[in-house]
Amino acid sequence: MSFLRRAKGISTTAIVAIIAVIVVVAGLAWYFTLPPPGPPLTGIARIKEKGTLVVGVDVYPPWVSVTEEGQFEGFDIDVLKEVADALGVEFVAKEVIWETIIPSLLAKEIDVIASALSILPERSEQILYTVPYYEVTLAFVVRADEVGLYETTEDFTEKNVGAQAGTTGWDLAQLLYGGAGTNILDFTTIIDLLLALEGETIDVGIFDTPTARYYCEEEPGKFAVAFTHKTHALLPDLYAYAVRPEDGDLAKVINTVIVEMMASGELTDLMEEWGVTP
Amino acid sequence: MEIIETILNTLYFFYDCLPILAEGLKITLISSVSSFALGLLIGSVVALLRVTKIKFLHYFLTAYVEIIRGTPLLVQLLFIFYGVPIVLGIKMPSLIVGIVSIGICTGAYQSEMIRSGIQSIPSGQIEASQALGMTKWQTMRYIVLPQALRMVIPTLINEFIMVTKDTSQLMVIAIPELTRRASWIVYRTFKPFEVFGLVGAMYFAMAYVASRASKYIENKYRIRGLIR
């Protein structure tokens with residue numbers, strides 16, 4: 001900076017002082033033109049104010065998948081587009097990795113969680129579920145040429161089992177095989193799990209039945225569902241959407257849309273369209 | 001005092017996390033030490049062999065180093081663990097594959113570090129030792145390597161710290177190391193700030209111990225009176 005000092009005219013100190021004054025004046029102007037503070041908006045009011053319904057998704061066909069152009073499509077996308085229409089706002093889908101989907105909701109980065117979210121007690125302490133829209137089981141997926149070898153869960157005790165941590169499939173795998181010393185491998189995505197199944201690194205993958213059937217059809221001849229299994233011993237495993245606890249009115253709107261679609265048969269049509277057996 | 005209560009609650013929470021994280025830490029340490037050791041072995045051999053006159057060997061080793069350094073470790077891991085079994089039908093037990101993959105990767109980088117250490121020895125010393133009638137091997141063993149290896153200790157320890165951090169990528173090949181286990185905890189408790197903060201501190205602790213060890217090793221093996 002010394003070259004400035006030697007230049008004729010403005011000294012370094014003067015330049016710094018001028019910049020400081022500009023910054024302070026700009027800061028004051030910005031501060032005093034802020035909207036008057038009030039209680040932060042929640043629920044529908046907040047959605048309408050920003051004009052978008054941001055839905056957090058994790059790619060999990062047929063509920064949510066990505067087209068080659070990078071657009072999101074799927075059963076959950078269609079249902080929530082209806083909700084956005086009902087609210088008169090724009091629908092925006094945002095991809096979030098599964099383990100951060102609840103923190104993202106709570107941090108207000110997304111407004112709704114979609115993508116095959118199961119109702120679990122520990123989650124309901126943090127988030128508000130909508131009414132359930134689907135009852136799901138877990139599928140035990142094996143290589144297509146081995147499907148005749150396996151009939152019950154005991155047949156896998158000596159085999160390598162794959163599941164995705166943080167899902168109901170993982171919990172079931174731990175329940176059935178955790179103590180038995182069976183090798184349970186944790187995959188970060190379903191695609192990795194299927195690749196490992198194809199490469200014979202694992203012998204079975206445990207995950208949601210609709211998605212399992214989707215991939216079995218997508219990759220003909222590679223994979224098959226050996227059998228399905230209830231997720232919990234007594235309770236049904238239900239999918240629902242989820243919002244923040246303070247957004248009760250938003251949950252009500254979603255519930256209304258779901259119930260209306262159930263009554264009109266539109267929900268069943270949508271299921272057939274996406275290859276989900278009701 | 002709410003702050004004190006929050007701090008205490010967080011500490012109790014950390015205490016609860018420890019058993020799960022300890023399992024992950026075990027795997028992280030085993031992988032980082034094993035793959036670094038493997039890399040050191042590979043790196044030294046490759047560094048010494050690259051001056052060979054055998055064309056095939058020279059080109060092969062150069063290709064190995066360039067390809068490994070030019071591709072991300074993540075791509076190497078995914079390629080070996082998912083690609084090879086499908087195409088070649090070879091079975092891959094995950095931890096061995098992970099350690100060997102990282103070992104091959106760090107081996108390439110370490111070979112370059114060791115090689116540059118060897119090449120930095122002034123040629124005057126090599127000429128002098130040859131003038132005294134020492135063979136190439138004797139020159140290497142008594143003049144070049146003792147100085148070169150001492151010089152590259154800090155760089156190699158730095159590489160060890162990089163390897164330790166890179167072991168977190170093993171999670172994509174179904175190895176439940178420290179970072180993945182932290183994710184497991186976040187799935188159930190939804191506290192990414194606390195959990196990943198704690199895990200970050202654990203990685204930092206390992207890196208810090210390594211750099212202190214580096215200073216200790218450098219001092220212990222210092223050649224007194226050597227002017228560099």
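The questions and answers that follow concern this predicted model.

Q: Why are α5 and α6 of chain B called oblique to each other?
A: The axes of α5 (residues 123-131) and α6 (residues 136-166) of chain B cross at roughly 135°. Angles over 145 degrees count as roughly antiparallel and 65 to 115 as roughly perpendicular, with the rest, apart from those under 35, being oblique; the two helices α5(B) and α6(B) are therefore oblique. Their axes come within 11 Å, and the crossing of α5(B) and α6(B) is right-handed.

Q: Which residues make the contact of α5(B) with α6(B)?
A: From α5(B) come B:Gln125, B:Ile126, B:Ser129 and B:Gln130, while α6(B) contributes B:Thr139, B:Ile143 and B:Val144. Three of the residues in this contact are nonpolar, four are polar and none is charged.

Q: What makes β10 and β12 of chain A edge strands?
A: The open sheet of chain A has five strands in the order β10-β9-β11-β8-β12, with mixed pairing. Both β10 (183-186) and β12 (223-229) have a single partner strand, so one side of each is left without a neighbour in the sheet. On average, and with direction ignored, neighbouring strands of this sheet are turned by 30° against each other.

Q: How do you know that β9 and β11 of chain A pair?
A: Pairing requires at least two bridges, and β9 (residues 160-163) and β11 (residues 204-208) of chain A are joined in the parallel sense over two bridges. The bridge partner of A:Gly162 in β11(A) is A:Gly205.

Note on methods:
Residues are numbered from 1 along each chain as its sequence is written. Chains are lettered from A and ligands numbered from 1 in the order in which they are written. This is a predicted model: local features need pLDDT of at least 70, side-chain atom pairs count only at pLDDT 80 or more; totals for chains, interfaces and linings use all residues. Helices (H or I, at least four residues) and strands (E, at least two) are DSSP runs, numbered from the N terminus. Axes are lines fitted to C-alpha atoms, for helices over the stretch in contact, and angles run from 0 to 180 degrees between N-to-C directions. A crossing is left-handed if the near helix is turned anticlockwise from the far one by less than a right angle, and right-handed if clockwise. Two residues are in contact if their C-beta atoms, placed from the backbone, lie within 7 Å. Ala, Val, Leu, Ile, Met, Phe, Trp, Tyr, Cys and Pro count as nonpolar, Asp, Glu, Lys and Arg as charged, and the others, Gly among them, as polar.
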